[in-house]
Amino acid sequence: MGVMEVEEKLIAAAQRIAKALEKKQNLTNDARKILVDLGSQLSSITKLSENKHEKFSGEIEDTVEKFSELEEQLNIVQNKVMSWEVDQSVIWDCGPEYADDYLRSVDEARKLIERLESLNVDKDGKEDELLCRAHEVMQIAMNRLEEEFRHLLVHNKQPFEPEHMSFRSSEDDEGSIVSFGDDSVEDVVQRDSMSRRSEEYVVELVHPDVIPDLRCIANLMFNSNYGRECSQAFISVRKDALDDCLLILEAEKLSIEDVMKMEWNSLNSKIRRWIQCMKIFVRVYLSSEKWLSDQIFGDLDSVSSVCFAESSKASILHLLKFAEAVAIGSHQPEKLIRILDMYEVLSDLIPDIDAMYSDDAGLCVRTECQDILGSLADCARTTFLEFENAVASSISTNPYPGGGIHPLTRYVMNYMKTLTDYSKILNVLLKDNEQEDLVAISPEMTPDTEEDNSNRICYISPLAQYFRSFTSMLECNLDDKSKLYKDESLGHLFLMNNIHYMAEKVKNSHDLRTILGDDWIRKHNWRFQQHAMNYERATWSSILSLLRDEGLQNPGSNSIFKTLLKERLHSFYLAFDESYKSQTVWSIPDYQLREDLRISISLKVIQAYRTFIGRHTNHISDKYIKYSANDLENFLLDLFEGSPRSLHGSHRK
């Protein structure tokens with residue numbers, strides 16, 4: 001018997017007792033009134049009890065009705081979900097109407113679960129059983145949506161073949177800075193260039209038609225507390241896609257040990273590839289990847305940033321690992337240009353990277369970029385400073401053949417000319433090594449204006465200071481190399497050639513001229529001209545002295561005088577022939593310098609020879625005159641060509 005039923009019987013019994021007492025004759029008016037009031041109260045209680053009973057019965061009926069309705073809804077949803085599990089077809093391949101219907105059904109299941117949970121159902125009751133069924137259906141549906149999500153991402157992936165990939169075919173054609181001893185040292189590296197504008201665009205990595213579907217699935221899964229599964233599906237698929245991108249860009253997975261063991265030519269090629277790969281990967285592919293993530297997860301707060309960071313950080317860190325390996329490697333001077341290229345491109349890309357990895361999820365990428373940029377900066381500084389040591393320690397045991405332009409001179413000047421493209425970066429990197437940019441310059445004494453003899457104070461950049469140091473070190477080295485020549489004349493010719501080359505290189509390069517200044521050029525022009533004069537003195541002064549009249553003024557007799565003239569002329573011819581034989585092998589590579597020196601020699605030699613022959617024409621027989629002035633002039637045109645020649649017999653008949 002229920003509680004309500006007991007209450008009703010008690011009230012009825014009380015009412016019967018009250019009516020029986022009312023019929024007694026001996027009751028007072030007060031007692032009778034009390035019994036009437038009691039009967040009224042019992043009647044009210046009876047009516048309230050009846051109303052309460054009716055309401056409670058109605059609520060039970062409503063709950064039963066709602067439960068029945070929820071169960072019916074769940075049955076419908078379950079049938080739709082399970083029908084696709086039996087079919088195993090890809091829902092989104094069957095048409096948009098099927099996909100939309102499935103999404104609606106799953107969303108109904110989500111709402112049904114929310115309604116059941118709001119009822120605070122008793123454990124182990126029918127409602128709890130229904131809730132468990134609903135969760136099971138939702139689990140099956142979420143697994144299916146995860147599969148469909150993956151399928152849409154994978155099978156609608158767009159091919160990635162940017163036009164920039166043409167760099168692969170011409171990559172190996174570019175020159176490179178080589179070692180000191182290489183004659184092809186002038187084939188210096190050209191800076192890789194790729195306009196920023198051509199790099200910055202977003203490509204559609206997934207077909208745009210399925211983006212709305214992917215977004216709907218993502219929103220539904222996150223709203224259903226299955227966001228982790230959705231995120232992991234996206235991260236897994238896109239991570240594989242990024243790996244494919246690196247394969248397309250031919251970015252090999254090399255360990256630090258592999259990089260450090262690599263020969264320079266191979267490493268140089270891989271650095272160039274890395275530079276191009278980084279530009280394309282960050283500005284095209286990562287930008288597109290970030291856009292894709294935003295399109296799918298843009299309605300879900302920070303989910304997009306997290307998914308992008310988790311899917312892409314392994315690939316970007318893989319590329320950065322190569323830069324780290326290069327930065328901690330050896331510091332050969334030929335690596336500097338490539339190190340600066342890497343520093344420049346990473347420095348330029350860091351704002352893009354910071355913007356894409358702006359939150360906590362991307363902190364490790366941002367930190368790694370800054371660390372590696374610092375390592376590249378340290379490597380560049382050390383390699384740059386090592387260059388000066390390499391110049392100073394370049395020792396030769398044998399003189400350079402022909403007195404031409406030494407490979408070291410070509411190397412240093414071309415190296416400096418190439419570095420001018422990086423002057424802004426180098427001034428920043430080298431500034432920390434300079435205690436003071438205010439430098440007192442004391443020019444060497446030159447035959448220029450008086451102002452050159454006064455000290456002056458001026459500001460010069462760190463790079464300018466180092467360039468002056470490089471050229472000074474080079475000149476000291478060249479001076480040591482000139483002492484290897486047994487012939488003093490050839491030593492002067494060697495210095496003339498090399499200092500002239502240095503001066504012309506600076507004069508013809510706007511950047512070098514700006515950095516080193518016109519005073520530097522004037523000073524070195526004066527120096528090579530001094531060596532040209534020293535060469536003429538060392539070579540031709542003794543030869544031309546044979547055409548002077550010293551020792552011929554008082555011959556004593558006419559026959560002795562003629563004999564002295566004949567011997568003097570013979571000695572001149574022997575000396576001239578010897579100089580011709582040796583100096584045709586000597587080399588002056590610069591055409592104008594060669595012509596100028598020939599003219600200077602010819603003016604002195606031909607004038608002296610004509611004067612000597614003309615003054616003593618009455619005392620010298622034609623048979624003793626071996627060459628005419630024209631012959632000598634033609635012979636002098638053979639000098640400094642770098643090919644051996646010799647004179648055979650007279651050119652006169």
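Biologist: How far from the centre of the ring of F308 is the charged end of K290, and what makes it count as sitting over that ring?

Modeller: The charged end of K290 is 6.0 Å from the centre of the F308 ring. The distance rule asks for the charge to be within 6 Å of the ring centre, and the angle rule for it to be within 35 degrees of the ring normal. The charged end of K290 is listed as sitting over the ring of F308. Keep in mind that this is a predicted model.

Biologist: Good to know. How many helices and strands does the protein hold?

Modeller: There are 22 helices and two strands. Of the 653 residues, 45% are buried. Looking at contacts between residues at least 6 apart in sequence, 79% join residues at least 24 apart.

Biologist: How do you know whether T409 is buried or exposed?

Modeller: The relative accessible area of T409 is 0%, and buried means under 20%, so T409 is buried. T409 belongs to helix α14, residues 407-419. Setting aside neighbours within four places in sequence, T409 is in contact with L474, L478, N498, Y501 and M502. Each of those counts as a contact because heavy atoms lie within 4.5 Å.

Biologist: Let's turn to cavities. How many of 30 Å³ or more does the structure hold?

Modeller: Three cavities reach that volume. What makes them cavities is that a 1.4 Å probe fits inside but cannot get out.

Biologist: Which element gives the largest share, and how do the lining residues divide by type?

Modeller: Helix α10 gives the largest share, with four residues. By type, the lining has six nonpolar, one polar and four charged residues.

Biologist: Now the rings. How many aromatic pairs are there?

Modeller: The count comes to 26 aromatic pairs. One of them joins W84 and Y98, with 6.0 Å between centres and 85° between the planes. The centres meet the 6.5 Å limit, and an angle over 60 degrees means edge-to-face, so that is the label for W84 and Y98. W84 lies in helix α2 (residues 29-87) and Y98 in helix α3 (residues 96-118), so the pair ties together parts that are 14 residues apart in sequence.

Biologist: Are these two residues buried or exposed?

Modeller: W84 has 11% relative accessibility, under the 20% line, and counts as buried. Y98 has a relative accessible area of 41%, which makes this residue partly exposed.

Biologist: What makes the pair of Y535 and W586 edge-to-face?

Modeller: Their ring centres are 6.4 Å apart and their planes stand at 65°. That is within 6.5 Å and over 60 degrees, so the pair is edge-to-face. Y535 is in helix α19 (residues 518-545) and W586 in the loop between α20 (558-583) and α21 (591-615), so parts 51 residues apart in sequence are tied together. Y535 is buried at 0% relative accessibility, and W586 is buried at 6%.

Biologist: Which residues do ring pairs link into a cluster?

Modeller: The cluster consists of W540, F572, Y573, F576, Y580, Y609, Y627 and F635.

Biologist: One last thing: why is D518 called partly exposed?

Modeller: D518 has a relative accessible area of 37%, which lies between the 20% and 50% cut-offs, so D518 is partly exposed. D518 lies in helix α19, and its C-alpha atom is 8.1 Å from that of K507, 11 residues away along the chain.

Key. Residues are numbered from 1 along each chain as its sequence is written. This is a predicted model: local features need pLDDT of at least 70, side-chain atom pairs count only at pLDDT 80 or more; totals for chains, interfaces and linings use all residues. Side-chain values use heavy atoms; hydrogens and water are left out. Buried means under 20% relative accessible area, exposed over 50%, partly exposed in between (1.4 Å probe, protein chains only). On a 1 Å grid over the protein atoms alone, a cavity is a set of points where a 1.4 Å probe fits but cannot get out, and a pocket is an open set with protein on both sides within 12 Å along at least five of seven lines; lining residues have an atom within 4 Å of a point. Grid points are joined across faces, edges and corners, and a volume is the space filled by probe spheres set on the points. Ala, Val, Leu, Ile, Met, Phe, Trp, Tyr, Cys and Pro count as nonpolar, Asp, Glu, Lys and Arg as charged, and the others, Gly among them, as polar. Rings of Phe, Tyr and Trp (its six-membered ring) pair if their centres lie within 6.5 Å; planes under 30 degrees apart count as stacked, over 60 as edge-to-face and the rest as tilted.
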